[in-house]
Amino acid sequence: MQKITFLISGFLLLFVGFVMIPFSVQASEMNPNSSIVFKHSQKHHDPIIQDKNLIRGKWGMDDSAIELQVLELLKNGGLEVNYSNSKLVFIEKAGWTQSSDVLRIFVIYRQDDKPGYSLSLNYVADKDLLVGIYTDALDNKSYNVTFRRIK
């Protein structure tokens with residue numbers, strides 16, 4: 001019984017090695033477009049580059065009197081913004097980036113002479129919103145925030 005199993009296994013290996021492999025090589029040589037078949041079956045999606053000026057304007061944070069006004073998006077990634085709430089706010093640094101299909105802005109500021117407050121927001125084009133994270137310097141906690149365009 002072991003001899004028969006060994007003979008059948010050996011025959012299968014020889015068959016695959018000498019008949020099937022050369023047959024598959026010959027088939028791909030006969031069809032020069034065989035490698036292209038798989039290229040078209042894969043989904044390919046190009047990123048949509050959004051106009052950076054879409055985030056210019058006045059934005060108000062939900063459920064508060066906080067306003068963010070995006071004045072200018074500079075070519076070097078800088079951002080001119082005004083940020084106002086009921087307290088004095090000094091902007092330390094502000095910028096914007098665009099990677100893939102996402103426009104992002106960040107603002108680092110001082111409030112009551114305490115550094116470490118920040119906003120990191122993504123522009124959601126289909127809803128015309130700025131959505132992201134607010135970091136509070138006093139308690140070092142982050143909160144989800146949404147800014148809507150003020151018309």
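Which residue takes a positive phi in the hairpin of S5 and S6?

## Basis of the model

This is a predicted model, in which local features need pLDDT of at least 70 and side-chain atom pairs count only at pLDDT 80 or more, while totals for chains, interfaces and linings use all residues. Residues are numbered from 1 along each chain as its sequence is written, and side-chain values use heavy atoms, with hydrogens and water left out.

Strands here are DSSP runs of E with at least two residues, numbered from the N terminus, and two of them pair if DSSP finds at least two bridges between them. S5 runs antiparallel to S4, to which 10 bridges join it, and antiparallel to S6, with seven bridges. Ile108 of S5 stands opposite Lys93 and opposite Ser118 in S6.

In the hairpin of S5 and S6, where two residues lie between the strands, Asp112 takes the positive phi, near 55°. The hairpin of S4 and S5 also has two residues between its strands, and there Ser100 has a positive phi near 55°.

The covered face of S5 holds Leu103, Ile105, Val107, Tyr109 and Gln111, whereas Val102, Arg104, Phe106, Ile108 and Arg110 make up the uncovered face.

## The nonpolar core

A nonpolar core is a set of buried (under 20% relative accessible area, 1.4 Å probe, protein chains only) Ala, Val, Leu, Ile, Met, Phe, Trp, Tyr and Cys residues joined through side-chain atoms within 4.5 Å. The largest one has 25 residues, of which Leu68, Ile105, Leu119, Leu130 and Phe147 touch the most other members. Strands S1 (57-61) and S8 (141-149) are among those that each supply at least two residues of this core.

Leu130 touches (heavy atoms within 4.5 Å) residues including Trp59, Leu68, Ile105 and Phe147, not counting residues up to four places away in sequence.

Technical notes: Buried means under 20% relative accessible area, exposed over 50%, partly exposed in between (1.4 Å probe, protein chains only). Helices (H or I, at least four residues) and strands (E, at least two) are DSSP runs, numbered from the N terminus.
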